[in-house]
2 protein chains.
Amino acid sequence: MSVAVDAMGADRGPAVVIEGAVQAASEGNIEVILVGREDAVLPQLEKLGNAGGLVTFREATQVVEMGESPSDSLRRKKDSSIRVAFEMVRQGKADAVVSAGNSGATLATAMVVLGRIKGIRPAIAAWMPTLKDPVVMIDVGANVDCKPRHLFQFAVMGSVFWRSITGKETPRIGLLSIGEEDTKGNLQVKKTYDLLESSTLNFLGNVEGRDVFRGDVDVIVCDGFVGNICLKLSEGLAESVMAMLKSEIESSLLATMGYTLARSAFKRFKKKVDYAEYGGAPLLGIKGVGVICHGRSGAKAIKNAVKMADALIQADLPQQLTHAFSSEPAMAVGGTC
Amino acid sequence: MSVAVDAMGADRGPAVVIEGAVQAASEGNIEVILVGREDAVLPQLEKLGNAGGLVTFREATQVVEMGESPSDSLRRKKDSSIRVAFEMVRQGKADAVVSAGNSGATLATAMVVLGRIKGIRPAIAAWMPTLKDPVVMIDVGANVDCKPRHLFQFAVMGSVFWRSITGKETPRIGLLSIGEEDTKGNLQVKKTYDLLESSTLNFLGNVEGRDVFRGDVDVIVCDGFVGNICLKLSEGLAESVMAMLKSEIESSLLATMGYTLARSAFKRFKKKVDYAEYGGAPLLGIKGVGVICHGRSGAKAIKNAVKMADALIQADLPQQLTHAFSSEPAMAVGGTC
């Protein structure tokens, strides 16, 4: 079992990616293969050590830049670190890929090199913090124009992912909409509601935007356009709330003194809403395991993403997904809408 | 000039609505007509006083309940407070309606009684707090399945509304999407991008979820399904952030002492993110002025909504909208998509 980590292309450079990968290897006893340019990876690996031989290196001479078009990169950069990492999985030389590089290119490369599970639209899942346990939101950006059958597939995949990570059974599924009643929502969501209701999933009904952070469901289903906006809105709002609060506090000496006393509480809070704690976002529905990290990821986020990839390999995720789809009668019904 | 206030149907009962309406009348020197059941309105009005004769009463014997279907209420309750309020505007006996009752019924009644501006899809606009000045988001729930031409109309209406309230010219328009480049987004958004780019509006391009609270644009355009989810997600997240922070603070004595010192900063912050400060959400694109309030509105939110309605009457909003549409060449282009 080994995780191929794309060492290149992240916003903060290879050093933090390599640091996180080495930490994951030694903390989690995980075999890691760093993929990238020799001059970028080897000196850093030498500095940090290879975690008792757990971390190895595989050269890839090209790098996909952040702004590059995924299709261009697929055509022109056959030896990019992203491409080489997925080829290793295809050839059985690795079992999962973790990348903090160009996420569109990672997605496209996974589709082309590994392929999708038959009939399935791959989707990206992400953890969101709530007042209770974190919730899985799916899709958060792989598909911008979805049909009801795709949203239904996301619900199945989100459930399998949630089970793989938590080890618990029967997650509660919610469908993101604009009212609790089954008559509320756009056409796409209303048809998805019917599919979910006729499935074997533990479907609780619609959830509204304000319920996302209540933690009363385990998996929230939405199309990738809506999900991506929600994910980024939440990140942006949490940051803005802290910034607004900080500027209010700094405007008064008394409040500043108070803040100093309360600092550890703020720190624990920040940890709770920090996406780095959740590592990366798995790409579900492909024939293999892929985890996409935020471009701005630090070492901790990479470390947690590698651990997540390892957990998904252990849980035999692609096999679990195939099994879940085949045992879901509504998949056949959903095929027409 | 007068504002008809639906005194019935709000979550917290007629008393808070009447209190807010009377406050708006006396603070803003605004004529207000309270519409509702005599037994619910008159005793309360007697208690609070009629603001030197500015507040009058008009009876409506029926009430639309929160869970009621808008079409049912239109068919069966010809003498509901919502219906009577809009009829008064149609008959020239009032100039605007404010309601904190069933918002679907308010929307439907406005459409049926006042009608829409020709060729236009009415939409609901809402203020969102940002790190800088508040931003207008439109649509936040009137339309769940929109075409690009509708999103373009929302941009025109949002601009006119922003100008009416701020008194400033040429708002900066952003289109809510999942990336800054014009190639990012779903089909609906990509076509809207082209319409906005060929218009006379001050269109800055796409904004992502994380940019909503940055305050770098003045009007954010989206379809009502996405907008409603974003609005409620923001309310829910701001509440959850405060709750999480509070529970972290209460878990330590030192932090609790600190919080006590910083309390006034927290209060100012709460005020900044409190939707009550922004009053209500205007319904734009109808032949008249209508302001929809949160069902949970307190007296302050009602007061601010009445003041907003008065400002929109003063600005002659429906006339401004008609003018803006007629002087926008892209309206003709957009008619086909």
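**Reading the helix contacts and the interface**

Modeller: Begin with a contact between two helices, one from each chain. In H8(A), Val226(A), Ile229(A), Cys230(A), Leu233(A), Ser234(A), Leu237(A), Ala238(A) and Val241(A) meet Val226(B), Ile229(B), Cys230(B), Leu233(B), Ser234(B), Leu237(B), Ala238(B) and Val241(B) of H8(B). By class, this contact has 14 nonpolar, two polar and no charged residues. Keep in mind that the model is predicted.

Biologist: At what angle do H8(A) and H8(B) pack?

Modeller: The angle is about 35°, and the axes of H8(A) and H8(B) are 10 Å apart. The crossing of H8(A) with H8(B) is right-handed.

Biologist: How many residues of chain B are in contact with chain A?

Modeller: In general, the size of an interface is often given as the accessible area lost when the parts come together. Here we have a residue count: 49 residues of chain B contact 49 residues of chain A. On the side of chain B, the elements that give two or more residues are helix H8 (224-250) and helix H9 (253-273). H8(B) supplies the largest share, 20 residues. The side of chain B that touches chain A is made up of 28 nonpolar, twelve polar and nine charged residues.

Biologist: What rotation superposes chain B on chain A?

Modeller: A rotation of 180° does so, with 0.0 Å of shift along its axis and an RMSD of 0.0 Å. The relation is therefore that of a two-fold axis. Within chain B, Gly258(B) has the C-alpha nearest the axis, at 1.7 Å. Both copies use the same surface, as 100% of the contact residues of chain B recur in chain A.

Biologist: What confidence does the predictor give the complex?

Modeller: The complex has an ipTM of 0.88 and a pTM of 0.91. For chain A, the mean pLDDT is 91, and 95% of the residues reach 70 or more.

Biologist: Now to helix pairs inside one chain. At what angle do H1 and H10 of chain A pack?

Modeller: Helix H1 (residues 14-28) and helix H10 (residues 299-314) of chain A pack at about 45°, and their axes are 7 Å apart. H1(A) and H10(A) are therefore oblique to each other. Their crossing is right-handed. The residues of H1(A) in this contact include Val16(A), Gly20(A), Ala24(A) and Gly28(A), and those of H10(A) include Ala299(A), Ile302(A), Val306(A) and Asp310(A). The contact of H1(A) with H10(A) divides into eight nonpolar, three polar and five charged residues.

Biologist: How far apart are the axes of H6 and H11 in chain A?

Modeller: The axes are 10 Å apart, and helix H6 (residues 148-166) packs on helix H11 (residues 317-326) of chain A at an angle of about 135°. That angle makes H6(A) oblique to H11(A). The crossing of H6(A) and H11(A) is again a matter of hand, and it is right-handed. From H6(A) come Val156(A), Met157(A), Val160(A) and Ser164(A), which meet Leu317(A), Gln320(A), Leu321(A), Ala324(A) and Phe325(A) of H11(A). This contact has seven nonpolar, two polar and no charged residues.

Biologist: Let us turn to the backbone. Is the peptide bond from Ile138(A) to Asp139(A) cis or trans?

Modeller: The bond from Ile138(A) to Asp139(A) is cis, and its omega is near 5°. Asp139(A) is in the loop between strand S6 (135-138) and H6 of chain A. In chain B, a cis peptide bond joins Ile138(B) and Asp139(B), with omega about 5°. Asp139(B) is located in the loop between strand S6 (135-138) and helix H6 (148-166) of chain B.

Biologist: Is phi of Ala51(B) positive or negative?

Modeller: Phi of Ala51(B) is positive, near 55°, and the residue is not a glycine. Ala51(B) sits in the loop between helix H2 (38-48) and strand S3 (55-59) of chain B.

Technical notes
Residues numbered from 1 in each chain as written. Chains lettered and ligands numbered in written order. Predicted model: local features only at pLDDT ≥ 70, side-chain atom pairs only at ≥ 80, totals over all residues. Least-squares fit on C-alpha atoms with pLDDT ≥ 70 in both. Contact = placed C-beta atoms within 7 Å. pLDDT = per-residue confidence, 0-100. Helix = DSSP H or I, 4+ residues; strand = E, 2+ residues; numbered from the N terminus. Nonpolar A, V, L, I, M, F, W, Y, C, P; charged D, E, K, R; others polar. Axes fitted to C-alpha atoms, helices over the stretch in contact; angles between N-to-C directions. Parallel < 35°, antiparallel > 145°, perpendicular 65-115°, else oblique. Left-handed = near helix turned anticlockwise from the far one by under 90°.
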